[in-house]
Amino acid sequence: MEFPPGDQEPMDLDAFSPMAPRVLSPSAASVARSPTSGEVLATAGREAARDMQNMGARLGPDRAGTLACGSSLPSNMGRATVGPGFPSTVRLPSAAELHAELSAAVLQLSFCELTSSAQWAAELCASLPSDAASRAPGALQLGPVAVPGGSAGAKACSVLMLAKTHFGMREYGRAAHVLQQVRELQQQPAAVFLKAYSLYLAGEKRREEEAMEVADPVEKCQVRNAELKDLQRELSVLYETRLLDGLGLYLYGITLKGLEMKHEARKILLEAVHDFPCNWSAWLDIISISSDLNDVSDAFRDLNLPDHWMVLFFQAALNVELQRNENAKEGYDMLRKLFPDSPYIISQLATCYYNMRNFDSSQAAFDEVRRRDPYRLTGLDTYSNILFVKEQAPELSNLARHAVKIDKYTPEACCIIGNYYSLKGEHEKAVTYFQRALSLNRNFTPAWILMGHEFMEMKNTPAAIDAYRTAVTINQRDYRAWYGLGQTYELLSLHFYALFYYRQAMTLRPDDARMWCAMAQCYDNMDHKQEALKCYEKAHRCGDREKMALPRLARLHRDLGDRKQAAAYYNQMLAQSGHCINISAGGTGPISGGPLQPRVLGSSGLSTDIIEALRFIMFFAAEEGRVAESEACATKLLDTSGPEKDEAKAMLRNLRQSS
């Protein structure tokens, strides 16, 4: 599709290929751009001299002398000789002063997310002697961790700061190692959590690296976190001795989940949300585990949930998972009264509208999210699906460029660009971007499903099956993956297998007419006409927005010899299309609804389904002796150009002769 004047494609594909090197995080990039040791010394010297001059100017002439060289320094303060170009001596603070200054620097640098500098300062602070802060009175507090005062407590705080900076630099093994060496932190729940979580993430990091080296998708899913068993043994002891707080219980729960001990994991996670209800990740894991255990529909009724307002968010998210979109919408509407400016709630409302296939309302909600939080990418891959379905190429192009400007190395941005190229018909490029999304997050289910769709467009059914199967492995409650598998096997004429996958999709969305129509088509191809009739009737009762069920119901009844019921369904088709013919036939009467969606139009502008209905009722009415109805249908068929026109002329002649 050509773009309007001035519109541009989101970016150059070559500049964004899957083989392009990953962009370093700000902290890692600062390390990569660090100067050489000589430059560090020279720069540090210049900055130190300038700082001393500035300090002297602030202190005034009387006190500035203490920062000068020579005999003005206190007698108990150490002095060091430096090279030419610097003051002849520099004051060396005491260990206690160094500890206080470095501790303050680490906190400030960490708050400002200067993780590399914070790590450097923390390493120096932790390397000071144990008695560096022996004069610190009372207990020492670092975030949620409180340790006794004195030299041991100060050392523990220094080590904890160092571990946090290692964690910020994604050096999880180093963080766990330094925490293991301090006995005072073994009784602190927050410190225990940080050490265990560091080990957990170190194992996850290695698991991702090992999975990247495996080509087979099934084997990729079998790669496990090697740290889980050791963590489970350690955390179980702490759990028995009641040393785990809410976050520690959460970590114990996800460890058990990783070991496929899902019943035990859900029990522990429920304890975690009782102890710390505001940990949303724990709630999501409860939903995920219930989904894997296939009892998610009973989760809210049977689980022992805390009496807390977070249960309202859990209930709404659970309804979205169960495709109970009306109930979810009501829940989020109520929560929006409490949190009127929450982008998350508005985004969830947009998802509800999307699942209900109300694309206009969903698009309006996503537009509101973008106005309130223009740098938010979460959920915008769903927004791009809406633009794709509505074939709004310029809007999709603008969204893709916007996502690239925010962060092109995110799964959401890659899916948006992939949808853009898919809408243009460039399916190979679309697959490239979906693969890029998966290289960033292999568990991003929408990318697997969209890639499966693209392989279907490219007639690459084996690759499509692999993509859909992987999506099902990640999330068994995503009906789109099951439906995609059904379409793939139906394309291969393996209708029995296609029926199995369609049935799974129907179980997840029992009110979606498309699922019932797909099952009916399989039954029809397998010559199970009665089962096909039941499925089409269910699709008809579910709304059937695509208007697929009525024509097929009419044809099935016609082929089975039930012409009266076939006439009733054909009459409903004509009523919906505005070509209502009053005919008294048994069966269901006309229903209200929008016009039929024409698939193929004749020269008269009538769809082939409408022409078929007019032709059948013309003959059926004549057989029943209803001359007026038969003549009315024949008259409408005179506007067509196919063989039906000749049949209509013959019918009109016969009717006039018989009258």
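Leu 492 is partly exposed, at a relative accessible area of 38%; here buried means under 20% relative accessible area, exposed over 50% and partly exposed in between, with a 1.4 Å probe and protein chains only. The model is predicted, so local features need pLDDT of at least 70 and side-chain atom pairs count only at pLDDT 80 or more, whereas totals for chains, interfaces and linings use all residues. Residues are numbered from 1 along each chain as its sequence is written, and side-chain values use heavy atoms, with hydrogens and water left out.

## The loop at Leu 492

Leu 492 is found in the loop between helix H25 (479–491) and helix H26 (495–508); helices (H or I, at least four residues) and strands (E, at least two) are DSSP runs, numbered from the N terminus. Leaving aside residues up to four places away in sequence, Leu 492 touches Thr 461 and Ile 465, where contact means heavy atoms within 4.5 Å. Thr 461 lies 31 residues from Leu 492 along the chain, and their C-alpha atoms are separated by 8.3 Å.

Leu 494 lies in the loop between H25 and H26 and is partly exposed, at 34% relative accessibility. Together with Phe 496 and Tyr 497, Leu 492 and Leu 494 form a nonpolar patch on the surface, with about 410 Å² of accessible area together. Patches are made of residues with over 30% relative accessible area and no salt bridge, like charges being joined within 9 Å and nonpolar side chains (Val, Leu, Ile, Met, Phe, Trp, Tyr) within 5 Å. Accessible areas come from the Shrake-Rupley method with a 1.4 Å probe, and for residues only the protein chains shown count as cover.

## The loop at Asn 279

Asn 279 lies in the loop between helix H12 (262–275) and helix H13 (280–292). Asn 279 is buried, with a relative accessible area of 13%. Beyond residues up to four places away in sequence, Asn 279 touches Leu 247 and Tyr 250.

## Salt bridges

A salt bridge is a side-chain nitrogen of Lys or Arg within 4 Å of a carboxyl oxygen of Asp or Glu. By this rule the count comes to 31 salt bridges. The table gives some of them.

| Pair | Closest N to O distance |
|---|---|
| Arg 206 and Glu 227 | 2.3 Å |
| Asp 230 and Arg 233 | 2.2 Å |

In the salt bridge of Arg 206 with Glu 227, Arg 206 lies in helix H8 (residues 189–212) and Glu 227 in the loop between helix H9 (217–222) and helix H10 (228–240), so the pair ties together parts that are 21 residues apart in sequence. Arg 206 is partly exposed at 35% relative accessibility, while Glu 227 is buried at 19%.

Asp 230 and Arg 233 both lie in helix H10, three residues apart, about one turn of the helix. Asp 230 is partly exposed, with a relative accessible area of 42%, and Arg 233 is partly exposed, with 48%.

Asp 527 is exposed, with a relative accessible area of 55%, whereas Lys 529 is partly exposed at 26%. Elsewhere, salt bridges that share partners join Arg 555, Arg 558, Asp 559, Asp 609 and Glu 612 into one network.

## Cysteines

A disulfide is a covalent bond between the sulfur atoms of two cysteines. It is assigned to a pair of cysteine sulfur atoms within 2.5 Å, and the structure holds zero disulfides. Cys 522 is in no disulfide, and the nearest cysteine sulfur, that of Cys 535, is 9.3 Å away. Cys 522 is buried, with a relative accessible area of 0%. For Cys 542, the closest cysteine sulfur is that of Cys 517, at 9.2 Å, which is too far for a bond. Cys 542 is partly exposed, at 23% relative accessibility.

## The chain as a whole

The chain has 33 helices and four strands. Of its 659 residues, 45% count as buried. Among contacts in the chain with a separation of 6 or more, 52% are between residues 24 or more positions apart. The accessible surface of the chain comes to about 33500 Å², with 52% belonging to carbon and sulfur atoms.

The average pLDDT of the chain is 80, and 76% of the residues score at least 70; pLDDT is the predictor's confidence in each residue, from 0 to 100. Over residues 1–7 the pLDDT is below 50, and this stretch has 12 contacts in the model beyond near neighbours in sequence. Residues 135–139 also have a pLDDT below 50, with seven contacts in the model beyond near neighbours in sequence.
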